[in-house]
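Please read it beside the structure shown here.

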Amino acid sequence: IHNYNRITLFTTHGCQINPYLFVGAGMGATYWDDETWSYPIYADVRTEIHNAFRRNFSPYLEVKTGYSVGDANGFYFSPSVGFHFYFGHTNMGLSVAIGYSMQYADDDFMDYDYYDNNYWSGGKQNYDGLNFSVSFDF
């Protein structure tokens, strides 16, 4: 999984506790360039800043924390900052965010080192990077 790009599809379901706080849970499916799959299961907390701007535009801070299963098992953490763009005076809209994702995972690979004439395998690794997301909210 080292230095590979990834694409992730998330679904999050929860409740808007008040105009400033969303709490939910979700699951994702991540496909890595090396044909590896992982499935993060997470809690999601998001705080929004409605009163600072118009009702149809809302900045937010979000944190997803959980555990990933699949080819890369381990702790999952993803903070992000973004903006909701609402359609008129409804709760439907688009969100755009930039963030960081980190997955501390078992790397169960086995490779052959031709220089040392020896096999070696992975262990616990930290896979992290910047992410960009676009989502539909309703």
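A charge sits over a ring if NZ of Lys or CZ of Arg is within 6 Å of the ring centre and within 35 degrees of the ring normal. In this predicted model, Arg 46 lies over the face of Tyr 60, at 5.7 Å from the ring centre. Arg 46 also lies over the face of Phe 22, and there the figure is 4.3 Å.

**Overall build**

The protein chain has 9 strands and 0 helices. Its pattern along the sequence is β-β-β-β-β-β-β-β-β. The chain counts 138 residues, and 30% of them are buried. Among contacts with a separation of 6 or more, 48% come from residues 24 or more positions apart. The accessible surface is about 8800 Å². Carbon and sulfur atoms hold 61% of that surface.

**Aromatic pairs**

The whole structure holds 9 aromatic pairs. One of them joins Phe 10 and Tyr 76; the rings are 6.4 Å apart centre to centre, with 50 degrees between the planes, and the pair is tilted. This pair links distant parts of the chain. Phe 10 belongs to strand β1 (residues 6–18) and Tyr 76 to strand β5 (residues 74–86), 66 residues apart.

Is Tyr 76 buried or exposed? Tyr 76 has a relative accessible area of 7%, so it is buried, as the cut-off is under 20%. Phe 10 reaches 32% and is partly exposed.

Trp 37 and Tyr 39 also pair. Their ring centres are 6.3 Å apart and their planes are at 10 degrees, so this pair is stacked. Trp 37 is partly exposed at 37% relative accessibility, and Tyr 39 is partly exposed at 30%.

Ring pairs also build a cluster from Phe 10, Tyr 42 and Tyr 76.

| Residue | Relative accessible area | Class |
|---|---|---|
| Phe 10 | 32% | partly exposed |
| Trp 37 | 37% | partly exposed |
| Tyr 39 | 30% | partly exposed |
| Tyr 76 | 7% | buried |
| Phe 132 | 61% | exposed |

**Nonpolar surface patch**

Which strands each supply at least two residues of the nonpolar patch? They are β5, β6 (93–106) and β9 (124–137). The patch covers about 1200 Å² of surface. Its residues include Leu 61, Val 81, Phe 83, Met 92, Ile 98, Phe 132 and Phe 138.

Phe 132 lies in strand β9. With a relative accessible area of 61%, Phe 132 is exposed.

Key:
Residues numbered from 1 in each chain as written. Predicted model: local features only at pLDDT ≥ 70, side-chain atom pairs only at ≥ 80, totals over all residues. Heavy atoms only, no water. Phe/Tyr/Trp six-rings, centres within 6.5 Å; stacked < 30°, edge-to-face > 60°. Helix = DSSP H or I, 4+ residues; strand = E, 2+ residues; numbered from the N terminus. Buried < 20%, exposed > 50% of the residue type's maximum accessible area, 1.4 Å probe, protein only. Patch = residues over 30% accessible without salt bridge, like charges linked within 9 Å, V, L, I, M, F, W, Y side chains within 5 Å. Areas by Shrake-Rupley, 256 points an atom, 1.4 Å probe, with all protein chains shown as cover. Salt bridge = Lys/Arg side-chain N within 4 Å of Asp/Glu carboxyl O. Contact = heavy atoms within 4.5 Å.
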